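Me: I'd like to learn how to read a model like this one, feature by feature. Can we go through it together?

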Amino acid sequence: MLTCKQVSQSLSKEDYEKLSPMRKFFLKLHVKLCFFCGKFNKQVMESQDMCRCFREHEEEIEAARPKLDPSKKEALKELLAAQSKEQ
Ligand SMILES: [Zn+2]
């Protein structure tokens, strides 16, 4: 059985999906059952899932994102520059 420290260290180093199947199994088991670090490390794993998902779909997300037309972008830049000068 892994300790809380081992689980936290290996989650802070890399994506848990990259671990060996055996280690991944014990890590998931620990996080599921541990009263001390379970809640926190579950969130760490979820954020790794989100990052992985974003990386896998980055191009689609980028393509679906509404684009600002260049003239409006310039106007917005000038507005922001003017506002930062006021402060
Ligand atoms: Zn723990």
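Predicted model: local features only at pLDDT ≥ 70, side-chain atom pairs only at ≥ 80, totals over all residues.

Me: Which helix holds H30, and what is H30 in contact with?

Reply: Helices here are DSSP runs (H or I, at least four residues), numbered from the N terminus. H30 sits in helix α2, residues 21-33. As for contacts, two residues qualify if their C-beta atoms, placed from the backbone, lie within 7 Å. Setting aside neighbours within four places in sequence, H30 touches M1, L2 and V7. M45 is 15 residues from H30 in sequence, and their C-alpha atoms are 12 Å apart in space.

Me: How do α2 and α3 pack?

Reply: Start with axes: these are lines fitted to C-alpha atoms, for helices over the stretch in contact, and angles run from 0 to 180 degrees between N-to-C directions. For α2 and α3 the angle is about 130°, with the axes 7 Å apart. Angles under 35 degrees count as roughly parallel, over 145 as roughly antiparallel, 65 to 115 as roughly perpendicular and the rest as oblique. That is why α2 and α3 are called oblique to each other. On the α2 side the contact uses V31, K32 and L33, and on the α3 side G38, N41, K42 and M45. Sorted by class, that contact has 3 nonpolar, 2 polar and 2 charged residues. The classes go like this: Ala, Val, Leu, Ile, Met, Phe, Trp, Tyr, Cys and Pro are nonpolar, Asp, Glu, Lys and Arg are charged, and the others, Gly among them, are polar.

Me: How do α1 and α3 lie relative to each other, and why is that the description?

Reply: Look at the angle again. Helix α1 (residues 4-13) and helix α3 (residues 38-56) pack at about 20°, with their axes 11 Å apart. They are therefore roughly parallel to each other. V7, S8 and L11 of α1 meet N41, V44 and M45 of α3. By class, these contact residues are 4 nonpolar, 2 polar and no charged.

Me: How far does α5 reach, and why does it lie largely in the open?

Reply: For length, the expected span of a helix is 1.5 Å times one less than its number of residues. Helix α5 (residues 70-86) has 17 residues and spans 25 Å from first C-alpha to last, close to the 24 Å expected. The number of buried residues among those 17 is 0, so α5 lies largely in the open. Take E86, which belongs to α5: with 5 C-beta neighbours inside 10 Å, E86 counts as exposed. Between the C-alpha atoms of E86 and I61, which are 25 residues apart along the chain, the separation is 36 Å.

Terms used: Residues numbered from 1 in each chain as written. Helix = DSSP H or I, 4+ residues; strand = E, 2+ residues; numbered from the N terminus. Buried ≥ 20, exposed ≤ 12 C-beta atoms within 10 Å, placed from the backbone.
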